[in-house]
Amino acid sequence: VESDKTPIQRIGASLGLGLAYAGTQREEVLELLTPVIADPETPIDLFSLASLSLGLVFVGTGKPDIAETIMQGMMEREEKVMEDT
């Protein structure tokens with residue numbers, strides 16, 4: 001999910017990781033997607049699908065750090081971005 005790719009490529013990569021590793025609890029996926037979610041400059045659609053993908057990969061684990069990262073990413077976004085969606 002490299003930042004030098006187009007937004008649609010990054011969205012596809014994020015969603016692909018989530019679907020491919022659903023339920024596996026792979027830490028490598030967490031390491032790849034956490035920076036995407038934590039970056040307030042990430043477009044909201046990419047943020048949303050990266051968050052969904054992490055949820056798919058870690059479903060049922062109850063890892064609080066993932067939920068905290070997603071919530072922090074949401075709170076750091078400008079209000080206008082959240083209102084426009």
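## Helix H2 and its buried side

In helix H2, the buried residues are Val29, Leu30, Leu33, Val36 and Ile37. They share the same side of H2, because they cover an arc of only 135° around the axis. An α-helix has 3.6 residues a turn, so residues three or four places apart point the same way. This is a predicted model.

H2 runs over residues 27-38 and has 12 residues. From first C-alpha to last, H2 reaches 16 Å, close to the 16 Å expected at 1.5 Å a residue. What do the buried residues of H2 pack against? Their partners are helix H1 (7-20), helix H3 (44-57) and helix H4 (64-76).

## Helix H1

H1 has 14 residues, which should span 20 Å at 1.5 Å a residue. The end C-alpha atoms of H1 are 20 Å apart, so the span agrees. Arg10, Ile11, Ser14, Leu17 and Gly18 are buried in H1. These residues lie on the same side of H1, because their arc around the axis is only 130°.

H2 and H3 are among the elements that cover the buried residues of H1. Which exposed residues sit on the face of H1 turned away from its buried side? That face carries Ile8, Leu19 and Ala20.

## The loop between H1 and H2

Glutamine 25 is found in the loop between H1 and H2. Its phi is near 60°, a positive value in a residue other than glycine. Most residues other than glycine have a negative phi. Glutamine 25 has 42% relative accessibility, so this residue counts as partly exposed.

The 13 residues of H4 should span 18 Å at 1.5 Å a residue. The end C-alpha atoms of H4 are 18 Å apart, which agrees. Ile66, Ile70 and Gly73 are the buried residues of H4. An arc of only 60° around the axis puts them on the same side of H4. They pack against H2 and H3.

The face of H4 turned away from its buried side carries the exposed residues Pro64, Glu68 and Met75. Met75 also belongs to a nonpolar surface patch, made with Met71 and Met74. The patch covers about 310 Å². Methionine 74 is found in helix H4. At 33% relative accessibility, methionine 74 counts as partly exposed.

## Salt bridges

How many salt bridges are there? The count comes to 2. Side chains of opposite charge can pair when their charged atoms come close.

Arginine 26 is partly exposed, at 35% relative accessibility. Glutamate 28 is partly exposed too, with a relative accessible area of 44%.

Lysine 63 and glutamate 27 also meet in a salt bridge, at 3.2 Å from N to O. This pair links distant parts of the chain, 36 residues apart. Lysine 63 lies in the loop between H3 and H4, whereas glutamate 27 lies in helix H2. Is lysine 63 buried, exposed or partly exposed? Lysine 63 counts as partly exposed, because its relative accessibility is 26%. Glutamate 27 is partly exposed, with a relative accessible area of 37%.

Note on methods. Residues numbered from 1 in each chain as written. Predicted model: local features only at pLDDT ≥ 70, side-chain atom pairs only at ≥ 80, totals over all residues. Heavy atoms only, no water. Helix = DSSP H or I, 4+ residues; strand = E, 2+ residues; numbered from the N terminus. Expected span 1.5 Å × (residues − 1). Buried < 20%, exposed > 50% of the residue type's maximum accessible area, 1.4 Å probe, protein only. Arc of directions from axis to C-beta. Contact = heavy atoms within 4.5 Å. Patch = residues over 30% accessible without salt bridge, like charges linked within 9 Å, V, L, I, M, F, W, Y side chains within 5 Å. Areas by Shrake-Rupley, 256 points an atom, 1.4 Å probe, with all protein chains shown as cover. Salt bridge = Lys/Arg side-chain N within 4 Å of Asp/Glu carboxyl O.
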